[in-house]
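Please look at the sequence and the structure below before reading on.

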Amino acid sequence: MVDIRSNRRDADGQSVITANRLLDGIVVWRAADGTWCELISDATQIPNGEVENLLNIVKPEAQNQGVLGVYGVQVRENDVGEIVPVTARERIRAFGPSIHPEFAPRDHAAMHDVGENRHVC
């Protein structure tokens with residue numbers, strides 16, 4: 001089954017894999033070692049053409065890994081090399097609400113401008 005979000009990915013772009021942690025609903029990102037981290041800066045970028053194959057591997061084990069709602073998110077690197085989701089929805093998931101920095105993920109500066117990501121995991 002093809003991820004419904006695939007039609008939003010550029011053929012030559014990059015994506016990261018995201019989900020929500022079962023324990024508390026926090027947005028998590030898949031790292032190179034297969035673990036899930038709260039910071040998009042720790043996510044592994046993969047070519048968009050490989051997203052479906054990786055999702056077919058990751059999704060069956062999602063619940064055992066303590067996550068749900070696994071899917072790919074197209075990203076780009078900003079001017080300083082930080083990973084930034086392409087869509088506004090995913091930027092909000094990655095960096096917190098756009099209404100007030102107090103509600104952003106822990107240890108994160110205000111993310112009102114696209115492309116700033118100062119997370120350290």
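The model is predicted: local features need pLDDT of at least 70, side-chain atom pairs count only at pLDDT 80 or more, and totals for chains, interfaces and linings use all residues. Residues are numbered from 1 along each chain as its sequence is written, and side-chain values use heavy atoms, with hydrogens and water left out.

Helices (H or I, at least four residues) and strands (E, at least two) are DSSP runs, numbered from the N terminus. Buried means under 20% relative accessible area and exposed over 50%, with partly exposed in between (1.4 Å probe, protein chains only).

Contact means heavy atoms within 4.5 Å. Beyond its neighbours within four places in sequence, Arg30 has contacts that include Trp36, Asp42, Leu54 and Val58. Asp42 is twelve residues from Arg30 in sequence, and their C-alpha atoms are 7.8 Å apart.

Helix 1 (residues 51–58) has Val51, Glu52, Leu54, Leu55 and Val58 buried. They lie on the same side of helix 1 because they cover an arc of only 160° around the axis, taken from the directions from the helix axis to the C-beta atoms. Asn53 and Ile57, on the other side of helix 1, are exposed. The buried residues of helix 1 pack against strands including strand 1 (14–21), strand 2 and strand 5 (67–77).

One joins the side chains of Arg93 and Tyr71 at 3.0 Å, and another links the side chains of Arg93 and Glu90 at 2.9 Å.

Terms used. Polar contact = N/O pair within 3.5 Å; in protein donor to acceptor, adjacent residues only side chain to side chain.
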